[in-house]
Amino acid sequence: GSPELPTAVNITWSSINFKTILRWQPKPSDYFYTVEIHGQTSDTQKKCILTAETECDVTDVLRNVKETYTAHILSVTSSRMDNFEEPPFAVSEKFTPYNQTILGKPEIQNYTQKDSKLSIVFKDPLTPYTFPNGSFQSIRDIFKHDLDYKLYYWKDQSSGKKDATTKSNKFEINVDSTKNYCFYIQGIILSRRENRDGQESMVLCTSVGRNILDEYGAEVFIIIAVIAIAVITLAIVLSVILCKRKKAKSAREKEPLNGV
């Protein structure tokens, strides 16, 4: 028989907001890979047939997100695909999208700090899956009441964090009206033991009531004060020198000329 082909190693699932990529090694030489996705209750589905790549987007065959899947990565030659012999293959670890996909970054749409109220509005990340009308499902459409969002916020230039939780797409919290605040948001899946926390949104800061001292700190003012004192001192010294020279010149002009 023909020599046994190498099988895939280092098989990993990478999934964010249910977009799921399967990756493995090594790069094939004189052979190909074909991916089979096996669900506990669903039919086996083939993906990335006779590919020379070492990754495969399997998102569309994992639509039943609460199903547990394994991937078989077959090592094949184009001729052996017509053969009844079972090709050598490697098996991935189990993967359940609902439990293991990572929540992506929430998108902060707008925020305001008015008096002592900080209001933040944000959007749920979208998934690759669609409704019958073609619009994309959000992670909230899939996780429903299993999804919370947590807000972390702190006074600008302070290290003390506070947090708040919501099931909606809005936060309204009481803050010190004279201070600026920085914050970020992340999703949380309540039913999980692992991968509970999603990716953090970008950090944003309010800018009400900000003065120069808040912006640049006391150090800059000390430097400015030192420079100002140096300039004033130099001006006084130069004035004294110029004044003395002027007096000396005036005195010389008043002296009688020799021989007169």
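**Stop 1: a charged pair**

Select aspartate 176, which is partly exposed with a relative accessible area of 28%; here buried means under 20% relative accessible area, exposed over 50%, and partly exposed in between (1.4 Å probe, protein chains only). The model is predicted, so local features need pLDDT of at least 70 and side-chain atom pairs count only at pLDDT 80 or more, whereas totals for chains, interfaces and linings use all residues. Residues are numbered from 1 along each chain as its sequence is written, and side-chain values use heavy atoms, with hydrogens and water left out.

A salt bridge is a side-chain nitrogen of Lys or Arg within 4 Å of a carboxyl oxygen of Asp or Glu. Aspartate 176 lies in the loop between β14 (170-174) and β15 (181-189) and lysine 155 in strand β12 (residues 147-155), so the pair ties together parts that are 21 residues apart in sequence. Strands (E, at least two residues) are DSSP runs, numbered from the N terminus. Lysine 155 is partly exposed, at a relative accessible area of 35%.

**Stop 2: two further salt bridges**

Select lysine 170 and glutamate 172, whose side chains form a salt bridge at 3.4 Å, N to O. Lysine 170 is partly exposed at 39% relative accessible area, and glutamate 172 is partly exposed at 49%.

Proceed to lysine 27 and glutamate 53, joined by a salt bridge of 3.5 Å, N to O. This pair links distant parts of the chain, 26 residues apart: lysine 27 is in the loop between β2 (19-25) and β3 (32-39), and glutamate 53 in the loop between β4 (45-51) and β5 (55-57). Lysine 27 is exposed, at 54%, whereas glutamate 53 is partly exposed, at 44%. By the rule stated above, the count comes to ten salt bridges.

**Stop 3: an open sheet**

Select β4, β3, β6 and β7, which form an open sheet of four strands in that order, with antiparallel pairing. Two strands pair if DSSP finds at least two bridges between them. β4 and β7 (89-91) stand at the edges, each with a single partner strand, so one side of each has no neighbour in the sheet.

Which strand pairs with β3 over eight bridges? Strand β6 (residues 69-76) does, in the antiparallel sense. To finish, display phenylalanine 32, which stands opposite valine 76 in β6.
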